[in-house]
Amino acid sequence: MFSAANPDPIQDSTAVVTPEEKQAGIWKQRLQQLLAFAGLLIIFLAFSIVAPTTFATYSNVMNILFSAVVIGCLAMGATLVIVSAGIDLSVGTGMALCAVMAATFMVRWGLPVWLGILLTLAFGAFIGLINGTAVTILGLPPFIATLAMMMICQGLALVVSNVAPIYFDPVDHASYMWISTGNLIPGSGFPNAIFVLILAVVVAYILFNKTILGRYDVSIGSNMEATALSGINVKKWLILIYAAAGTFTALGGIMISARLGSAQPATGAGYEMQAIAATVIGGTSLAGGKGSVIGTLIGALIISVINNGLQIIMLPQQWQNVVLGTVIVVVVFIDQLRNKQAKAR
Amino acid sequence: MRKTFAALAALALCFAMASCGGDDKGEPTTDPGTADKPFISIISKGFQHQFWQAVKSGAEQQAAEMGVEMEFVGPASESEVEQQMGMLDTALAKNPAAIGFAALDSRAAAATLTKFKDAGIPVIAFDSGVDSDIPLTTAATDNKAAAKHAAENMCRLLDNKGKVGVIVHDQVSKSGTDRRDGFLEGMAEYCPDVEVLEPQYGGGDQAKSADIAKSIITANPDLTGIFGSNEGSAIGALKGVEEAGVAGQIKLVGFDSGKAQTDAVRAGTMDGAITQDPVGMGKAVIKAAVDAINGQTLPAFIDTGFYWYDSTNIDQPNIAAVLYD
């Protein structure tokens, strides 16, 4: 579907992005990533100095990576959508619904784990498909379309689960839980969930940087009309972008339910904001047309490091969100400042 | 073409949903206008949590027994104070014979409750009190005493030494603060030599509470116990201990029941927990409401009770009756 054999209209169309601009964009993006990465290092070092014996240990680094998995998966999808100048508010409760669906497939219908996972991913893609359809064909603003989907998913998660958590069987579904908390390398203390996150990032990276979908994503986000004028079926590609995002949402649902050994229908609200925060910290612009999968990963790690570090130094919890919010303001402000300077030149 | 596709997609979603929720029972619609039986409206704090489902089932049992009609509603989450106020207004419009009300915010409802008083509709508070003299009685668990009892058991498990982490589900609501304060008070009283760490708040979210538990364990390698103030906090603590690879080395005391927690207690991975009696609470609300409709005087507070359960008594009939999945 994403084969590079198709002629790529963007390459011939100076109306969309000139090669120079594209090059400049790439450098800017690299700088942004560097900035985010530097931020991650600084925060990590700061906590290491404050709590040297407890924070900067192998097992705690594993804790940090592990707790970034769910938000990381969701944020991969959020990035794809935000680059297209859209927004997806349904990733949090969509995650909860996908978790419930995973439990429905495996626990209630008794399907094998691998099939349950595939169906759950397909279901997530389907939620995204509806989102994309609402945005393109019904012409709803992405904020409204996905806000509605957020509510629908929140409700359906409760309806389908009969307002009760669904528990996986510790024996029959041991392999499902193994995906999150098991150790592929025995005794390494390295939970499989981290491999899944790495895999998700690699897939998102390829999708975004090496396929037509990613290129059109950027193009639609920077100038939708020009993209349409250059003969690209914007609607089709937008639907696919939302569907891809939905698949990552489903992956988030799989990872959280595999970790907890149960599908919790009432969770999920608020996760979308964390995913959007990770995306924005990573340098993806809410205005669209610019983004980075690696940046988003770094953003998710920054959130995880801050949460973990503040818990370890036992800062009263009410302050933890204040710190996190402040970091977002600082990071995005620096980003905008740099963009303004670039434009002034 | 496209519109057809969109419509088909939407239709498919509906079917998918309908087929999944197969064992969903349709709610009986209550029409207060035509029923001869007294109609009691119950407004809870939510309906998602298993606790509220258990309250609901208790209320339904008692309503069937006493021959009254009832409805059981609640806001989508336990932070939707405004939505709950709207439900109070809606209930008033239905002119019920009595209402049961579990206030999310103990003060916000005062004005609306006055309207019930003016209309002569008796108000029964449950789960948490209301700062008002309008409710005829309050049927609730004494959360502070219950958490203090949890501390007493934690002290017994720890033999008066060690270091304990506290994971609380909420730092604002009365149930959160009462359980936190009750536990801290109990620890200070029953085992003053045990160090109790600054309470952390996980919003009752299992994943978040598990992350907090791991952080506490990392920061305090000499930790000997964790208290979780509700089901989500306690299960989160258990997950955190398991993920940190220190299962069995840390004493775990929880609160509430629910399948995951009762399973853990039965298996001994959780040392024990306090359970409220939600079914009894639901029954008490309906009974108090019917008594009020019949003009009987009610006590100011109905203690619906709490119990400590662990692997030794979990299957005893009196405990099994108050545990819910």
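Tutor: Domain bounds are taken from an automatic or database domain assignment. For chain B that assignment gives domain 1 (39-141 + 278-305) and domain 2 (143-276).

Student: How are the residues and chains labelled, and what kind of model is this?

Tutor: Residues are numbered from 1 along each chain as its sequence is written, while chains are lettered from A and ligands numbered from 1 in the order in which they are written. The model is predicted, with local features needing pLDDT of at least 70 and side-chain atom pairs counting only at pLDDT 80 or more, whereas totals for chains, interfaces and linings use all residues.

Student: How far apart are the two domains of chain B, and how many residues does each put into the contact?

Tutor: The C-alpha centres of domain 1 and domain 2 of chain B lie 30 Å apart. Seven residues from domain 1 of chain B and seven residues from domain 2 of chain B take part in the contact, where contact means C-beta atoms, placed from the backbone, within 7 Å. On the domain 1 side there are two nonpolar, five polar and no charged residues. Here Ala, Val, Leu, Ile, Met, Phe, Trp, Tyr, Cys and Pro count as nonpolar, Asp, Glu, Lys and Arg as charged, and the others, Gly among them, as polar.

Student: What confidence does the predictor give?

Tutor: On pLDDT, the predictor's confidence in each residue from 0 to 100, chain B has a mean of 85, and 89% of its residues reach 70 or more. Over residues 13-35 of chain B, pLDDT stays under 50, and the model has 20 contacts for them beyond four places in sequence. The complex as a whole has an ipTM of 0.71 and a pTM of 0.77.

Student: Which parts of chain B touch chain A?

Tutor: In the interface, 33 residues of chain B are in contact with 38 residues of chain A. Elements of chain B that each supply at least two residues include α1 (2-20), α2 (50-66) and α7 (206-219). By class, the chain B side divides into 13 nonpolar, nine polar and 11 charged residues.

Student: What makes up the secondary structure of chain A?

Tutor: Chain A comes to 15 helices and two strands; these are DSSP runs numbered from the N terminus, helices being H or I of at least four residues and strands E of at least two. Of its 345 residues, 53% are buried.

Student: Why is G246(A) called buried?

Tutor: A residue is buried if 20 or more other C-beta atoms, placed from the backbone, lie within 10 Å of its own, exposed if 12 or fewer, and partly exposed in between. G246(A) has 30 other C-beta atoms within 10 Å, so G246(A) is buried. G246(A) is found in helix α12 (residues 234-260) of chain A. Its contacts, leaving aside neighbours within four places in sequence, include G77(A), G94(A) and G124(A). G77(A) is 169 residues away along the chain, yet the two C-alpha atoms are separated by 6.7 Å.

Student: How do you know whether D159(B) is buried or exposed?

Tutor: The count for D159(B) is 12 other C-beta atoms within 10 Å, so D159(B) is exposed. D159(B) is in the loop between α5 (143-158) and β6 (163-168) of chain B, and has a positive phi of about 60° although it is not a glycine.

Student: What covers strand β10 of chain B, one face or both faces?

Tutor: Both faces of β10(B) are covered. K251(B), V253(B) and F255(B) are buried on one side, and L252(B) and G254(B) on the other. In a regular strand the side chains alternate between the two faces of the sheet.

Student: How do you know which strands pair with β10(B)?

Tutor: Pairing takes at least two DSSP bridges between two strands. Three bridges join β9 (residues 225-228) of chain B to β10(B), in parallel, with G225(B) opposite K251(B). Three bridges also join β10(B) to β11 (residues 272-276) of chain B, again in parallel, and V253(B) stands opposite G272(B) there.
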